[in-house]
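Subject: Structure handover

Hello,

Here is the structure for you to look over. My notes follow below it.

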Amino acid sequence: MDDLFKEFNIKKDRLFEYLLYKKLDGVLLAKRSNYAWLMCGRTNRIVDASETGAAALLFSKDKLYLFTTNIEMERMKNEEINDFDFLECVQYNWFEPQNLEKKISEIVNLKKEELDLNEKTGWVRKGKGSKDRLFIMSESIAEELREFMNIKAKDYTYLFSKDKP
């Protein structure tokens, strides 16, 4: 297990250097080969003929997100990412594949003022159907966001950037 995390941390550091070099806030890994590389040989595939898998990883400077469908989430947690409990998992409806882009957009466009970390809630503005939607977060996520906002995002308007993403 130590070798697994050693390999993962080397790759994580490489990706972080890449983000800094390219001046990016994050990178999306959806191709099967990219996913397997970062996850140390783990797989996100169901169908061999597809270049993309059943899950995608959004790697940012501060967090690693796993995006997958509501059908695949439990399998991914139990079979593929069980050793990677630090991943923030985000699921979307299987019958709406465009929801992956929507979920990523919701996270990237989240403003700090739309979060109530004491109540562990937040608002997605103009989400699906251009409607506002309340969401609930776990205590651990609220605590991580509180720490992130106090240390790294003090001057930010948006949760992950100073200006419009």
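In what order do the three strands of the open sheet stand? The order is β5-β6-β7, with antiparallel pairing. Strands here are DSSP E runs of at least two residues, helices are H or I runs of at least four, and both are numbered from the N terminus. Two strands pair if DSSP finds at least two bridges between them.

First, the ground rules. This is a predicted model: local features need pLDDT of at least 70, side-chain atom pairs count only at pLDDT 80 or more, and totals for chains, interfaces and linings use all residues. Residues are numbered from 1 along each chain as its sequence is written, and side-chain values use heavy atoms, with hydrogens and water left out.

β6 (residues 121-124) pairs with β7 in the antiparallel sense, over four bridges. T121 stands opposite I136 in β7.

**Helix α5**

α5 covers residues 139-151, which is 13 residues.

Which residues of α5 are buried? They are I141, A142, L145, F148 and M149. Buried means under 20% relative accessible area, exposed over 50%, and partly exposed in between (1.4 Å probe, protein chains only). Seen down the axis, the buried residues of α5 fall within an arc of 130°, so they line one face of the helix. The arc is taken over the directions from the helix axis to the C-beta atoms. What covers these buried residues includes β4 (88-92) and β5 (115-116); contact means heavy atoms within 4.5 Å.

**Aromatic pairs**

The structure holds five aromatic pairs. Rings of Phe, Tyr and Trp (its six-membered ring) pair if their centres lie within 6.5 Å; planes under 30 degrees apart count as stacked, over 60 as edge-to-face and the rest as tilted.

The F8 and F86 rings have centres 5.4 Å apart and planes at 45°, so this pair is tilted. It links distant parts of the chain, 78 residues apart. F8 sits in helix α1 (residues 2-22), F86 in the loop between α3 (73-80) and β4. F8 is buried at 2% relative accessible area; F86 is partly exposed at 36%.

Y65 and F67 also form a tilted pair, 6.2 Å centre to centre with 40° between the planes. Y65 is buried at 8%, and F67 is buried at 0%.

Ring pairs also link F5, F8, F84 and F86 into a cluster.

Best wishes

How values were computed:
The expected span of a helix is 1.5 Å times one less than its number of residues.
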